[in-house]
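Take a look at the model below. This report follows a helix and a strand through it.

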Amino acid sequence: MPPNNMPADPLKMVLQLAVFVLLLVPGILWAILKKFVPAKPKCVKGQVVLITGAARGIGRELATSFGRLGAKVACVDIDESGNHETAQIIKDCGGVATSYICDISKKEQIKDLHAKVRADLGPVDILINNAGIVWGHLYIDPAKDQFITDQVNVNLMAHIWMNREILPSMLERNRGQIVAMSSMSSMSGVAGISTYSVTKWGLNGMMECLHNELKLFNTDVKTTNILPYFVETNPKVSSFLDIRLPEIPVHVAGRQMMKGILEEQRIFSVPGHMLTLVSMIRLLPDNLQMLFNNIFHVKILKEASDELIINKYKR
C-alpha cells in the first residue's frame, strides 16, 4: 500500500497536471479574446421572468428592461404599491407583467407564489433573486439580533428556498436560468456590514456549488452570479457611505446586468473590470492590500448608537 501522504493515482495526477500546463496559456489567451468578441444575447420574448425586489431600484430596472424585450414579467415584492407601479410601467409600454406580493423569507409563501405565477404566466424561465436588505450594523451591537435574522433570511435563505422551489421545473424542461444578486462586498470585509457580507459571501459559494451540481444532470439550465459595486438606489443608504469611487447610477448598472444575464455569463461584476482587479489585489501581502484599500476606501459611517458601543470598548 502507498504511504498515507501519497495522493491517489499519482501517475494519473501527473499526467493530468501536464495536460493542464499545456492548456494553461492557450486557455488564458482564449478567455482574453472572448472579452473582445461580443457574445450573442439570447432572445427572451415570451419567456417568463420572475424578479424579486421589483418594487424599486435594480429590481424595477431589470423588470422594465425585460418587459421591453417582450418577456412576461412576474414582479415580486413585499411592497404592494411599489411593485404594482413597476408592473403598470411595463403594461403601459405594451408589455406583459403581473404583480405578486410575497414575503420571500417564508417557504410557504414561495410555494403559493410559484403556483400563481405558473397559472397566470406559465413556468418560470428566468429567476432573478434580487431582493435584499441593504444595511449594516456594528458586529457586537446587542440590539441587532432580530435584524441579523431578518437579513440572513431575506438575503440568503430566500435564494435557497426560491431556487429549490423553481429549479425542478427548469430541470424537467431542460431550460432555465437562475440569477443571484451578490455584491462586490463579498470580495472584501468592510467594517460595519458583517451580516450583509456573510449573506453575499454565502451566495457566491452557493451559486458555484449549484453551477457544479447542475453538471451532474447534464442540463442546459444555467446559473448567473452578479457582483455589483454600490448602486445608487436608496438615498438613506447613500448617506451612510464614505467611498472614493462614486455609486453607479441605476440605469447604468441595469444595462450591464442585462448584458451579462442575456449572455448567460456565470459570474461577473458591475463594473466588469472590478472582479478581476479585486481578485488580483487579494493575492498581495496584507500590508499592500491595506494600502490599496486605503486608496480606494469604502467606509460605512456610524450611527449614534454605534459610537456609544465603540467608546465603551475602545482603548
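Which residues of H4 are buried? In this predicted model, they are Ile110, Leu113, His114 and Val117. They sit on the same side of H4, because they cover an arc of only 100 degrees around the axis. The general rule is that an α-helix has 3.6 residues a turn, so residues three or four places apart point the same way.

Helix H4 spans residues 107-120, which makes 14 residues. From its first C-alpha to its last it reaches 20 Å, close to the 20 Å expected at 1.5 Å a residue. The buried residues of H4 pack against strands E1 (48-52), E2 (72-77) and E3 (96-101), and against helix H5 (145-173). The face turned away from the buried side carries the exposed residues Glu108 and Ala119. Just after H4 comes glycine 122, with a positive phi of about 115 degrees.

Now to strand E5, residues 177-181. Here 5 of 5 residues are buried. Gln177, Val179 and Met181 point one way from E5, and Ile178 and Ala180 point the other way.

| Strand paired with E5 | Residues | Bridges | Direction |
|---|---|---|---|
| E4 | residues 126-129 | 4 bridges | parallel |
| E6 | residues 222-228 | 5 bridges | parallel |

Asparagine 129 has alanine 180 in E5 as its bridge partner. The chain crosses from E4 through H5 to E5, and this β-α-β crossover is right-handed. Methionine 181 stands opposite isoleucine 226 in E6. E5, helix H6 (residues 194-214) and E6 also form a β-α-β unit, and that unit is right-handed.

Conventions
Residues numbered from 1 in each chain as written. Predicted model: local features only at pLDDT ≥ 70, side-chain atom pairs only at ≥ 80, totals over all residues. Heavy atoms only, no water. Helix = DSSP H or I, 4+ residues; strand = E, 2+ residues; numbered from the N terminus. Expected span 1.5 Å × (residues − 1). Buried < 20%, exposed > 50% of the residue type's maximum accessible area, 1.4 Å probe, protein only. Arc of directions from axis to C-beta. Contact = heavy atoms within 4.5 Å. Pairing = 2+ DSSP bridges. Right-handed = clockwise from strand over helix to strand, strands pointing away.
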